[in-house]
Amino acid sequence: MVKARLIYVCSSCGGTSSKWLGRCPSCSEWNTLVEEKCSGERRKGLVVLSGKGRPVPISELKGSNEARITTGIGEVDRVLGGGIVHGSAILIGGEPGIGKSTLLLQVASNLAELGNRVLYVTGEESARQIRIRAERLGFLPDTLFVYPETCIERVLEASSELKPSIIIIDSIQTVFTETVESAPGSVSQVRESAAVLIANSRSGDVPLFLVGHVTKDGSLAGPRVLEHMVDTVLYFEGEQSHQFRVLRAVKNRYGSSMELGVFEMKDSGLMEVEDPSMVFLADRPVGSSGSAITSSIEGTRSLLVEIQALVSPTPFGVPRRTVVGVDYNRVLLLCAVLEKRVGIELAGSDIYIKVAGGLKLDEPAVDLAVVAAMVSNHLDKAIEAKTAVFGEVGLAGEIRAVSGAASRLKEAKRLGFTRVVMPKDNLKEIKGIKGVEAIGVSLLGDAVDSFFAL
Ligand SMILES: Nc1ncnc2c1ncn2[C@@H]1O[C@H](COP(=O)(O)OP(=O)(O)OP(=O)(O)O)[C@@H](O)[C@H]1O
Ligand SMILES: [Mg+2]
Ligand SMILES: [Zn+2]
């Protein structure tokens, strides 16, 4: 028996050090090293994959003609890139109470009702709690097996007996493998448990869902390597107080990582939102200043969303800038461009920017709408009610072309908008679209005038 000794493991990159350091020597992150027990030789991750295969010509391998497994929930299938790929590992992260277990229980029940055997391993809740949730959601399929267990070895045993066609682990932070001594939730435990589970699902061609906790700053708890090990990383987001939830792919080996699914949290579970644009615009304050509508492309579809701004004189001291839903630094950059190129004085103002509905937008095409909302509130003039806005803003104050102009314009038209302020360079792509006036702008100064003019 080798004597256990202490090592320090980085919770961000998984690197190790024999003594505690303020900064990780591998990834240079601050304050990420945590103490862990380690007994002698460490097994390398994914070692379980070795020893079984041999080199095979690529033409003899199974290909994409094997159909994906549909979850029965359209929005989930879309985010996964058209359904679950056999043998793939999917990590789903989200804040406490956002609805991860609810979503996966719905996926599990749907799959079970379609005749698949599903193994739902719960390390957080008792089997009874899962049953109560399932009753509330309105289904109790016979082929859905709930297993309250945290030991990976026993889960694998159960899995080889039950031969499920899908395995769900809720959550990866609560399970442990006997081969690692440290506590569940620790870096090496999470990494090794995940490695064993993933290797098992690869070799058996069984898809695997892992629920992951997130840290205070919103990134997945546990080692970054976890994100590399799985095939797909999904985030389940939303504001607790809002009933809307957004499922977003941040990494996907089998589909676009820009895709987005929208749900509404109800008593009876998560409902798919058929027309997200309609929902995001529902509570829009028409006729008040500081609100701009943009047409944003998320994955394969366009969405109309409202961007709100509040610009008010700073009472004292340094002006505040608070940004929710778009990139903070981009907003600062847009403020600088507005000051320098259009001559709108913002240095003495507090600025608050928010994307309505709890969405997060990270494409540059929303720039122009952020500017529109700020200018509108600054001048205290409402943007014309049937006008939508999109375009990237450059440092020279130029409006740059964006991708998918036609699809953005069509979405705006579908929701009853009659005017769209957009990059001039995109006008040639939208010639065929009738019934909506497209105003092409190439300079921020001109754009600002057209937000209000009729
Ligand atoms: N009886 C109920 N009626 C309506 N909504 C409920 C009810 N019970 C729970 N919910 C909703 O479900 C949410 C909790 O969902 P769930 O347990 O799936 O979250 P989770 O992401 O798995 O959380 P955790 O990280 O704690 O496991 C609650 O925040 C609430 O919105
Ligand atoms: Mg849960
Ligand atoms: Zn590190």
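Is D231 buried or exposed? D231 is buried, with a relative accessibility of 2%; buried means under 20% relative accessible area, exposed over 50%, and partly exposed in between, with a 1.4 Å probe and protein chains only.

Colleagues, this is a predicted model, in which local features need pLDDT of at least 70, side-chain atom pairs count only at pLDDT 80 or more, and totals for chains, interfaces and linings use all residues. Residues are numbered from 1 along each chain as its sequence is written, chains are lettered from A and ligands numbered from 1 in the order in which they are written, and side-chain values use heavy atoms, with hydrogens and water left out.

D231 forms a salt bridge with R202, at 3.1 Å from N to O; the term denotes a side-chain nitrogen of Lys or Arg within 4 Å of a carboxyl oxygen of Asp or Glu. D231 sits in the loop between α6 and β9 and R202 in helix α5, so the pair ties together parts 29 residues apart in sequence. R202 is partly exposed, at 28%.

A second salt bridge joins R78 and E75, with the closest N and O atoms 2.9 Å apart. These residues are 3 apart in helix α1, and therefore separated by about one helical turn. Here E75 is buried at 5%, whereas R78 is partly exposed at 25%.

The whole structure contains 17 salt bridges.

An oxygen atom of ligand 1 lies 2.6 Å from an N or O atom in the side chain of S101, and one lies 2.8 Å from a polar backbone atom of K100.

How values were computed: A polar contact is a pair of N or O atoms within 3.5 Å; within protein, one must be able to donate a hydrogen and the other to accept it, and residues adjacent in sequence count only if both atoms are side-chain atoms. Helices (H or I, at least four residues) and strands (E, at least two) are DSSP runs, numbered from the N terminus.
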